[in-house]
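I opened my notebook to look up a few spots in this structure. Here is what I jotted down as I went.

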Amino acid sequence: MPNWYYEKKDLRNTPSIRDGIDFETERRYRKEGARFIMQTGTSMGLGHNTVATGVVYFHRFYMFHSFKTFPRYVTSCCCLFLAGKVEETPKKCKDIIKTARGLLTDQKFVSFGEDPKEEVMTLERILLQTIKFDLQVEHPYSFLVKYAKCLKGDSAKLQKMVQMAWNFVNDSLSTTVSLQWEPEIIAVALIYLASKLSKFTVVDWVGKQPEHLKWWDMFVQDVTMEILEDICHQVLDLYQQPNNESPPDSPPQLPPSKASPPMKRANISPGANKNSPTVNNPPLKTSAPPPPLPPIEMEVNHIPKHITDAPPGSGGGPPGGGYGGYPIYPMHQSQPPPLPHGNSYGAPPPGPPPQQQQQQQWQQQHYSHPYSNNYYNR
């Protein structure tokens, strides 16, 4: 399994920073993308686990790619689309795009191009390769509830403290703490923060042992106060605005062009190993980046349909369907006939109908094993 936890020095050497985006701007882009996922998921009635999974995908994706290469709002929709399928709360791609269209301004939605559905579904392939198909993600929510049930004290104060800690977990998704620490440690840190702010002191808990100096010693080990304080400060920084000024609105990101499809922008070969995505990040730039092109002069073009082939009805592929020029294998209307005795390889019965004979010829040409057709009957 890949290691998805990074040091702080790695967070200051991301592809976006190497691409000329300063650290504070990248933090703001991550915050905007995460909150957009939460806002879109809430509008569509998705649960907290689905939303949190989409946000974690979002943060992991931009540890390999630059915000200049992939528009954050398109990536947000793609992450939420994939998270819905992983968490078994799927939503149609067109419904996610429709919700996003109602939440974004015209300037921000221009990054989706002429065919937003194809843009999102093509980006899903890049997302899967980038996160190395590691789809299962744990979140602090379950650990927060587990730990809170072991604490003793006034029930009203305890309930208030747990609700505050839950809100802190929601807000922590806008930071990069999920890229630095395990969900168990994040849950402990945010319970600790909530107990301090709500003035609820934990003095007793279920399963207390003499060697336990703090309540979290029975759940996690070797967690220092410096680690907990660091997580708390990163979450509290979300509520502080320097000089009482709101941050400037992010400039609209230019839409993709036909000359720069997602596969080419990501430098990922469509036939690459799914467990080892080939990602070539741009070198460090020493000169100032060129001025951005005016969006009015930029031609909005969707992704060419030859970039990825998809089955009919999924938003991509050739007009006649199929994969790479091959015809779609027609499904059987009934079960295939039983194999004749004495022939272990299942020779076809004599005199098949012309349509069945054509299907068998196509199957023998593209499949070496005669039972491979059973996959279509399931």
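Is Glu-88 buried or exposed? I looked it up in the model, which is a predicted one. Glu-88 has a relative accessibility of 70%, so I put it down as exposed, the cut-off being over 50%. I found Glu-88 in the loop between H5 and H6. Glu-88 is not a glycine, yet its phi is positive, at about 60°.

Next entry: Lys-132. I saw a positive phi of about 60° here too, and Lys-132 is not a glycine either. Lys-132 sits in the loop between helix H8 (116–130) and helix H9 (140–148). With 28% relative accessibility, I noted Lys-132 as partly exposed.

Then I turned to the two helices. How far apart are the axes of H5 and H6? I got 10 Å, with helix H5 (residues 72–86) and helix H6 (residues 93–103) packing at an angle of about 140°. Angles over 145 degrees would count as roughly antiparallel, so I wrote down oblique for H5 and H6. The crossing of H5 and H6 is right-handed. On the H5 side I listed Cys-77, Leu-80 and Phe-81, and on the H6 side Cys-93, Ile-96 and Ala-100. By class, I counted six nonpolar residues in this contact, with no polar and no charged ones.

Last entry: Ser-76, which is in helix H5. Ser-76 has a relative accessible area of 1%, so I marked it as buried. Leaving out residues up to four places away in sequence, I found Ser-76 touching Gly-33, Phe-36, Ile-37 and Phe-58. The side chain of Ser-76 reaches the backbone oxygen of Gly-33 at 3.4 Å.

Conventions
Residues are numbered from 1 along each chain as its sequence is written. This is a predicted model: local features need pLDDT of at least 70, side-chain atom pairs count only at pLDDT 80 or more; totals for chains, interfaces and linings use all residues. Side-chain values use heavy atoms; hydrogens and water are left out. Axes are lines fitted to C-alpha atoms, for helices over the stretch in contact, and angles run from 0 to 180 degrees between N-to-C directions. Helices (H or I, at least four residues) and strands (E, at least two) are DSSP runs, numbered from the N terminus. Angles under 35 degrees count as roughly parallel, over 145 as roughly antiparallel, 65 to 115 as roughly perpendicular and the rest as oblique. A crossing is left-handed if the near helix is turned anticlockwise from the far one by less than a right angle, and right-handed if clockwise. Contact means heavy atoms within 4.5 Å. Ala, Val, Leu, Ile, Met, Phe, Trp, Tyr, Cys and Pro count as nonpolar, Asp, Glu, Lys and Arg as charged, and the others, Gly among them, as polar. Buried means under 20% relative accessible area, exposed over 50%, partly exposed in between (1.4 Å probe, protein chains only). A polar contact is a pair of N or O atoms within 3.5 Å; within protein, one must be able to donate a hydrogen and the other to accept it, and residues adjacent in sequence count only if both atoms are side-chain atoms.
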